[in-house]
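The structure comes first, then the details.

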Amino acid sequence: MKRINYKTMTLLISMATLSNSCETTTDIVQKPNIIFILSDDLSYGDLSINGQKEFTTPNIDKLASGGIQFTNAYAGASECAPSRASLLTGSHMGHSRIRSNRSIRGQDYLKDEDFTVAELLKKAGYTTCFTGKWGVGLPGTEGVPYLQGFDHSYGFYDQRRATGFYPNFLMENEKKVVFPENFGFKGKHTYDGNGKLILDGVENPDKVINSQDYLHEKAIQFIKNNKKTPFFLYYATQLPHGPVITPDIGKFKDKPWEQKHKEWAGMVDHLDRHVGEIIKTLEDLGEAENTIIFFAGDNGYSQWGYFNRNPWEDDPIFKNKGPWPNGKFIIKDGGMRIPYFVYWPGKIQSAISNHVTALYDFLATAGQLAGIEEYESDGISLVPTLMGNPEKQLVHDYLYWENGSFGTSEQIYWNSHRQSLRVGDYFIFREHPEALIEVYDLTKDLQCENNLAGEVDDVVQQAKEYMEEAHTDSEWYVNPGESEKEIHVKRAEAEREGTLQESIWPNANY
């Protein structure tokens, strides 16, 4: 599909999704408020509705059990930044501006011509707000949220800065909000006898400001302030991304676990409580039945990385990985599988859907909910499924992912060229354009152990055509098959132009 510049020309793509779905905007009585809660590194099995036995998530479970649970849901990518870009722009990794956490020139950013779901909804009269972890535009670039369609934006714009919960400052639109209460904190912490957090290095541990709590308050206030007009809230929480730390482990302090496990359970519980407060706020305002809530993870399993286990090794206590053999950072099936629920009391009936969907379907879905008739997206609207008409739901020919990471070692170079597809019941993968394609039947082989490529020549040939069709060359990410020489020429060009995008660790100044 040809990509167009949304900000310098009229939107050209007609409402193919709407006209084929048999669900028109007139079927939706009024424009609903739209909330998208994107969790950060939440494991599939961290939710009690998905089998977690050691702790519970009643509020998130309420969204799942009271709405539609998508069992074949995928992130836009296998790591944070590109997955967020995919959600925001409705683009898969062959078209997205952001294709990995690190481009050839650093932590890259959306550009002015990129069209986001926030800009789409503003055309329909929505007031828009972002809170949390952004990751697709450093301060000073055109990729910051307040230049990408958000009327209000609060949080971490630098993805690396978001690897901490007690920052020196957060951003509110173009301004810094400084937290001197957190000055001096460098990561060391303990808990008192009641399970309350004590930060090392700060002047008064009782007055420190937790970023999740601060940003959650901004989100709740935004909902209250905009109850009379349609609003869109992109609630991109840090939780439960590491480092593992939480204001209170009291609920779990007597469990026979090491501290990290108590903290992880506390972080998931922290997120669950905040989800409950969002639901209660909507109910108290009388807006629950006029608000559709999307809840999803941003990539596959990653908890192993915060507990110093081998890559993708399951947690021995929580068993929270899910049924897939791998997770974050690899574009195999488990690297993108996510929990995904949509909740709309009085409008959506409780159901489990096996429809194959990805986060980049959100822009098309939001567009139809808001009555926008012209937009371009790699996604397909989920409205027919949400409205109880799955037989009218359009389906993807394929879902597509690629990696594009920048690195210098031979292993990283090879991994940067990976491509994968979901085609019907098949998951398809290749390490490099020079490597053989692998084909797995997910109905029989969820572990992707039995490569069927030699038995399904037609599937292999179709996969090659889809991979070629889906990919468009990126200026600053590694393109499949690009030589090391070409990659380093691009890096040298960025250095010469002075356009390197260097992110900064938490609690340091720009």
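## Salt bridges and a threonine in a loop

Lys251 and Asp269 form a salt bridge, with the closest N and O atoms 2.9 Å apart. Lys251 lies in the loop between β9 (231-236) and α6 (259-285) and Asp269 lies in helix α6, so the pair ties together parts that are 18 residues apart in sequence. Helices (H or I, at least four residues) and strands (E, at least two) are DSSP runs, numbered from the N terminus.

This is a predicted model: local features need pLDDT of at least 70, side-chain atom pairs count only at pLDDT 80 or more, and totals for chains, interfaces and linings use all residues. Residues are numbered from 1 along each chain as its sequence is written, and side-chain values use heavy atoms, with hydrogens and water left out.

A salt bridge here is a side-chain nitrogen of Lys or Arg within 4 Å of a carboxyl oxygen of Asp or Glu. By this rule the count is 21 salt bridges. Side chains of opposite charge can pair when their charged atoms come close.

Asp269 also forms a salt bridge with Arg273, the closest N and O atoms being 3.2 Å apart. Arg273 and Asp269 both lie in helix α6, four residues apart, about one turn of the helix. Elsewhere, shared partners join the salt bridges of Asp40, Arg84, Lys133 and Asp298 into one network.

Another salt bridge joins the side chains of Arg105 and Asp108, at 2.9 Å from N to O.

How accessible are these residues?

| Residue | Relative accessible area | Class |
|---|---|---|
| Lys251 | 57% | exposed |
| Asp269 | 7% | buried |
| Arg273 | 38% | partly exposed |
| Arg105 | 6% | buried |
| Asp108 | 5% | buried |

Now to the threonine. Where is Thr141 found? Thr141 sits in the loop between β3 (127-133) and β4 (152-156). Thr141 is buried, at 13% relative accessibility.

The side chain of Thr141 has a polar atom 2.8 Å from the backbone oxygen of Leu138. A polar atom of that Thr141 side chain also lies 3.2 Å from the backbone nitrogen of Gly143. Leaving aside residues up to four places away in sequence, Thr141 touches Tyr109, Leu147 and Gln501. Contact means heavy atoms within 4.5 Å.

Note on methods. Buried < 20%, exposed > 50% of the residue type's maximum accessible area, 1.4 Å probe, protein only. Polar contact = N/O pair within 3.5 Å; in protein donor to acceptor, adjacent residues only side chain to side chain.
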